[in-house]
Amino acid sequence: MVTIDNLTVSYRQHPALHHINGQFVDGALTAVIGPNGSGKSTLLKSIMGLLQPSGGQVRTNTTRERIAYLPQVTEIDRSFPLQVCDCVLLGCWSSTGAFGAVSATMLARATAAIRTVGLEGFEHRAVGSLSSGQFQRVLFARLLMQDAELILLDEPFNAMDSRTTAALLDLIHQWQTEGRTVIAVLHDDAQVRAHFDHTVLLARELVAWGPTELVLTEPNLQRARALAEAWDDNADICHADEVAA
């Protein structure tokens, strides 16, 4: 579904990701983990095409319309006066555009998606009045509307209560049974071990990539921590065409 080929992404000419290579398994649940600032969100934004690489490339085996992306909740402005149902219907944007009409079928799908995430009866509530967990459920309902082949989730369970987390994990497993590919940035190693078959461990450079039980080993985790402690944002500028060590 996704191939990462010698990817380097830089901010102010210093690498956030440095010569990353690998392939995401089709139809798998893959976690992306690593210390704070290790390039996890940068990797998802690169796959989505929101960031231009300094070197290398990202190749996706699907169209942009079949990719769904959920950023961190902190990046989403909830002050806009939008009702839950309208927010969920934004998942149809690729079909309706800015001025297209919402069909009865789309409205029925939105109602079903809201019910699936456990928010039946909230259709006309303002999104700004919801708790963080309720709002995250709304965003997952919007993902359901997109019917994507590739789903990118950036810290989807951050600050979520255990009940919401369990419900959303059930939905992610449902996506896997439907053959969808899910890539999620996470920070809970136990959660990754319990629910995700594959893991990418980053520390700006690639530490390990493969089956979770082979990636989440103590030597790999120690190496990631050591690399994070050695980061120097004032180091010499990285040139994308340099040869990886």
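Helices (H or I, at least four residues) and strands (E, at least two) are DSSP runs, numbered from the N terminus. Welcome to a short tour of a predicted model, in which local features need pLDDT of at least 70 and side-chain atom pairs count only at pLDDT 80 or more, while totals for chains, interfaces and linings use all residues. Residues are numbered from 1 along each chain as its sequence is written, and side-chain values use heavy atoms, with hydrogens and water left out.

**The sheet**

- Six strands make up an open sheet with mixed pairing, in the order β5-β6-β7-β3-β8-β9; two strands count as paired if DSSP finds at least two bridges between them.
- At the edges sit β5 (67–70) and β9 (205–211), each of which pairs on one side only.
- On average, neighbouring strands of this sheet are turned by 15 degrees against each other, direction ignored. Axes here are lines fitted to C-alpha atoms, for helices over the stretch in contact, and angles run from 0 to 180 degrees between N-to-C directions.
- Strands β6 (residues 150–154) and β7 (residues 181–185) run parallel and are joined by five bridges. Within that pairing, I151 has V182 as its bridge partner in β7.
- Helix α5 (residues 132–146) lies across β5 and β6, and runs at about 170 degrees to β5.

- The 16 residues of α6 span 23 Å from first C-alpha to last, close to the 22 Å expected at 1.5 Å a residue; the expected span is 1.5 Å times one less than the number of residues.
- T164, T165, L168, L169, L171, I172 and W175 are the buried residues of α6, where buried means under 20% relative accessible area, exposed over 50%, and partly exposed in between (1.4 Å probe, protein chains only).
- Seen down the axis of α6, these buried residues fall within an arc of 160 degrees, so they line one face of the helix. The arc is that of the directions from the helix axis to the C-beta atoms.
- S162, R163, D170 and T177 are exposed on the other side of α6.
- The buried residues of α6 pack against β3 (29–33), α4 (104–116), α5, β6, β7 and α7 (189–195); contact means heavy atoms within 4.5 Å.
- After α6 comes G179, with a positive phi near 85 degrees.

**Backbone angles to look at**

- Most residues other than glycine have a negative phi.
- E155, in the loop between β6 and α6 (162–177), has a positive phi of about 50 degrees although it is not a glycine. With 17% relative accessibility, E155 counts as buried.
- R204, in the loop between β8 (198–203) and β9, has a positive phi near 70 degrees and is likewise not a glycine. R204 counts as buried, at 17% relative accessibility.

**Helix α9**

- N220 belongs to helix α9 (residues 218–229) and counts as buried at 17% relative accessibility.
- Not counting residues up to four places away in sequence, N220 touches L201, V207, A208, L214 and V215.
- R223 is also placed in helix α9, but counts as partly exposed at 38% relative accessibility.
- Leaving aside neighbours within four places in sequence, R223 is in contact with E205, L206 and V207.
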